Every structure is written in C-alpha cells, then in structure tokens.
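Here's a short tour of one protein model, with a few helix pairs and a pocket to look at. Take a look at the sequence and the structure before reading on.

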Amino acid sequence: MLEGRIAAWALAVMIAFAVSPASAQQDEGPILMPKSAATKPTASDVKALLAKAKEGDGDAQIKLSGLYYTGDGVPKSYIEAARWCREAAEKGIAEAELHLGTLYLQGQGVPKDSEKALVWIRKSADQEDVRAEYDLGLLYDNGYAVQKDEKEAAKWYRKAAEQGDAAAQFNLGLDYVKGEGVLKDSAAAAAWLRKAADQGDAAAQSRLGDMYDDGDGVEKDASQAVNWYRKAAVQGDQSAQNNLGQFYRLGHGVPTDLAESARWFRKAAEQGEVQAQISIGTMYSKGVGVQKDTAEAVHWYRKAAEQGSSVAQHNLAILYISGDGVRQDLITAYMWASLAALTDENAKPLLDRMDANLSQAQISEGKRLTREWLAKHR
C-alpha cells in the first residue's frame, strides 16, 4: 500500500552530539537506526556519559547505546548498544523500548526475535510514542513480525497521525483511498493527505494533486492540482514532475508552455519516470519545446524501453529502421519491435511488416536478441 515509497520506521535514537535529527522518511529501507554524529564526541565526553550511565541515568544510557551502535567515540558494538538500551528500556523509557524492539527486529546485539521486538515496540507505542505508533502500524501493514492486519495498521497509523506524524497521515490517507483497514472515504483521504501535505510531505502533495485533478474527495480544480504538484515537484517527486510536464503541455490548469513542459519531463525522466522518458523523447523527436534532436530522442526512448515500455520499444524500433538519430540496424529494430508486440497489439503491424521484408537470417538473429533481452530482464 506504500505505492513504491517505503516510508522509514523512525526509530532513531538521537545521540547527544548529533546536530540534527535523522529524516523520518528513507527510501533505502524500512528501518532507520542511529546515525553517526556530525561532531565526534571526545574521550572526556564519553567518560562523562559512561559515568552517568553506570549511575543509572536513563538518558545517558540511551545516548551511550547510540554511540556504541554507530561507533562514535567508542568501538562499534551492537552488543554494548543493546546492553545499554535494555538498561534504559527496563526503566520504562519509551524511546529505549522502541530502540530495543528494533534491535530485536534486526538481530543486532541480541538474537533476532520478532516476538520480543513486538513486545518492546508495543510498550513504547502504549506510552504514545509517536514513532512507535507509526512503526507498529507499518509492522501490521506489511505483515512483518506479526500477521498482516490492515485494521490494526490503520488503528496505529491514526494514533500517530493524530499526533501530527506526516508519514502516518500519508499512510492513513492512502488507507481511506483504498478502503484498507477503514471504510473507503475519499473526503477523509483528502483530509489526511492534506495534513501531511501541509507539513511538506512530497508524496502526499503529489497524491493530493491527483485528487484535485480527478475531483476525488475534493472539488475538481486543475489550478489546485498544479499547486500541489508543483510543491511536490520542487522536492523531487518524479510523479508530480511528470504530471506538471503534462499540464504545461496541455495547458491544463496553467497556460500552455512547451519549454516548461519539457523542463519538468526531463527532471522526471532523469529519475527514471517511464512516461516522462517517453514524453521528452517524443518532444526531441518532433522538436516540440526543445530543439529537434533525434539522437536525444533515441537516448530517452531507450531508457523507457529498457524498463519495458512497449510504446518506447515501438518508437525505438522505428528509429532503428530509419537510421534517424542512430545507426540503422534492422536486426536491433526487429528485437525492439518483437518486444513491443509482446504486450501491445498496436505494435504487431510493424513486426508483421518486418517479418515480410527481412531475410530469414535477420529474423533469426532478431529473435535471438529478443530471447537474450527477455532472459536478462525477466
């Protein structure tokens, strides 16, 4: 339900020497652990912290755990990180409970144990720790360490969302969009997405733009769609960048501006957005919004084609046949035409014409390349 976005579990134990908190959203994986400090603690810093930790100071124990986890000022040791984290967790400190649960999930410093992980994370969530509430929602949402339960996921997302957590607000909004764990309710979805969007969550801004464009849960309003797409696009959301490119191309919600359209398509294309790669390729092919450059068109069609776009594969085949922007190569053209025809009926006439006009040797080699491509990409 995260639609390509893996929102991070905000489990960071912030050590005393860090200059800023870790981001609440990560693309590289589901669990966010303590990060190395920007300013390294000195030996005297560590000595003072250790003394307080040994005296039973829970805050010092959490910070010391973070140092051992990252190896800042002390030898890196997950065992020591877990030891000091447990000391703080057993005092009922919610932050430490959450961190200890994460260590059990990861099997870092302690044996990997989903049941113990859930116990500790729930202890933290029961103390209304917003990060733990959100993380518990993710556990239930993904069926990780627990049986998948959409209602339970929505329950914990709501608790975190009501405390203002943007990622939880986004996920709860998606739950309402799809009717997962809650009754489908477009108006409620829009309300929660707006809360996240107002906090600068790019994914929420982009999805809210979709809702304004469709009139789903809100009054249809192209200018509002543009407003939210732009907010997300400037943060690098590729879907919003692509949509903004389309709006400028069509003059939908904004005056038609093909140069601006091409600019946004390129930004999305550079991030791997397939539709944007096709669009910017077509603009270069026709000289629309940009100076005509068929070699550049080939470049972008190829990127989309390699991701499996039948439209791009078909267009690339045509360019290889004509030798426009690329050296003429009928065998490679046959490969791309064959791949396009596998998933797109509209591409079959081109393949039929090639079957009728190429030699048997060329067709056999084209089929061999097609098999090799499929073996590599499937």
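At roughly what angle do the axes of helix H8 and helix H9 cross?

## Helices H8 and H9

The axes of helix H8 (residues 166–178) and helix H9 (residues 186–198) cross at roughly 160° and come within 8 Å. Helices here are DSSP runs of H or I with at least four residues, numbered from the N terminus. Axes are lines fitted to C-alpha atoms over the stretch in contact, and angles run from 0 to 180 degrees between N-to-C directions. H8 and H9 are therefore roughly antiparallel to each other, a label for angles over 145 degrees.

This is a predicted model, where local features need pLDDT of at least 70, side-chain atom pairs count only at pLDDT 80 or more, and totals for chains, interfaces and linings use all residues. Residues are numbered from 1 along each chain as its sequence is written, and side-chain values use heavy atoms, with hydrogens and water left out.

The crossing of H8 and H9 is left-handed (the near helix is turned anticlockwise from the far one by less than a right angle). On the H8 side, the contact (heavy atoms within 4.5 Å) includes Phe170, Leu172 and Tyr176, and on the H9 side it includes Trp192 and Leu193. By class, this contact has ten nonpolar, two polar and one charged residues. Ala, Val, Leu, Ile, Met, Phe, Trp, Tyr, Cys and Pro count as nonpolar, Asp, Glu, Lys and Arg as charged, and the others, Gly among them, as polar.

## Helices H14 and H15

H14 and helix H15 (residues 294–306) pack at about 165°, with their axes 8 Å apart. H14 and H15 are therefore roughly antiparallel to each other, and their crossing is left-handed. Among the residues making the contact are Ile278, Ile280 and Tyr284 of H14, along with Trp300 and Tyr301 of H15.

## Helices H17 and H18

Helix H17 (residues 330–343) and helix H18 (residues 348–357) have axes that come within 8 Å and cross at roughly 140°. The crossing of H17 and H18 is left-handed too. Leu330 and Tyr334 of H17 are among the contact residues, as are Leu350, Leu351 and Met354 of H18. Here the classes are eight nonpolar, one polar and two charged.

## The second largest pocket

Back to H14: with five residues, H14 gives the most to the lining of the second largest pocket. The lining includes Arg249, Phe265, Met283 and Lys286, and its residues divide into three nonpolar, four polar and two charged.

Definitions and conventions
On a 1 Å grid over the protein atoms alone, a cavity is a set of points where a 1.4 Å probe fits but cannot get out, and a pocket is an open set with protein on both sides within 12 Å along at least five of seven lines; lining residues have an atom within 4 Å of a point. Helices (H or I, at least four residues) and strands (E, at least two) are DSSP runs, numbered from the N terminus. Angles under 35 degrees count as roughly parallel, over 145 as roughly antiparallel, 65 to 115 as roughly perpendicular and the rest as oblique.
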